Amino acid sequence: MEKEKLDRIKELAHKKKEIGLSDEELSEQKKLYDEYLAEIRASFGSILDNSVIKRPDGSVEKVKDRKKND
């Protein structure tokens with residue numbers, strides 16, 4: 001996410017705590033939060049897709065493959 005958007009999220013959070021937000025600002029904040037969370041979820045999914053589980057017997061299983069078996 002671009003630095004400007006992260007700065008705007010912080011700015012709106014501070015303003016909400018201090019004096020409150022208008023309806024327009026609340027909708028902008030929700031939109032920015034949704035976009036931020038979508039990026040976090042995508043990043044976390046990518047991390048899991050590249051992770052492995054190493055069993056005590058020495059076998060290795062990719063988390064991505066394990067998810068398909070469940």
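The axes of helix 1 (residues 3–18) and helix 2 (residues 23–49) come within 10 Å of each other and cross at roughly 135 degrees, where axes are lines fitted to C-alpha atoms, for helices over the stretch in contact, and angles run from 0 to 180 degrees between N-to-C directions. Helices (H or I, at least four residues) and strands (E, at least two) are DSSP runs, numbered from the N terminus. Helix 1 passes helix 2 in a left-handed crossing, a term used if the near helix is turned anticlockwise from the far one by less than a right angle, and right-handed if clockwise.

On the side of helix 1, the contact (heavy atoms within 4.5 Å) involves Lys-5, Leu-6, Arg-8, Ile-9, Leu-12, Ala-13, Lys-15 and Lys-16, which meet Glu-25, Leu-26, Glu-28, Gln-29, Leu-32, Tyr-33, Glu-35 and Tyr-36 in helix 2. The residues of this contact divide into 8 nonpolar, 1 polar and 7 charged, with Ala, Val, Leu, Ile, Met, Phe, Trp, Tyr, Cys and Pro counted as nonpolar, Asp, Glu, Lys and Arg as charged, and the others, Gly among them, as polar.

This is a predicted model, in which local features need pLDDT of at least 70 and side-chain atom pairs count only at pLDDT 80 or more, while totals for chains, interfaces and linings use all residues. Residues are numbered from 1 along each chain as its sequence is written, and side-chain values use heavy atoms, with hydrogens and water left out. The chain has a mean pLDDT (the predictor's confidence in each residue, from 0 to 100) of 89, and 91% of its residues reach 70 or more. Confidence is lowest in helix 3 (residues 63–69), at a mean of 65, and highest in helix 1, at 95.

Lys-62 touches Ser-51 and Val-52, not counting residues up to four places away in sequence. From C-alpha to C-alpha, Lys-62 is 31 Å from Tyr-33 in space, and the two are 29 residues apart in sequence.
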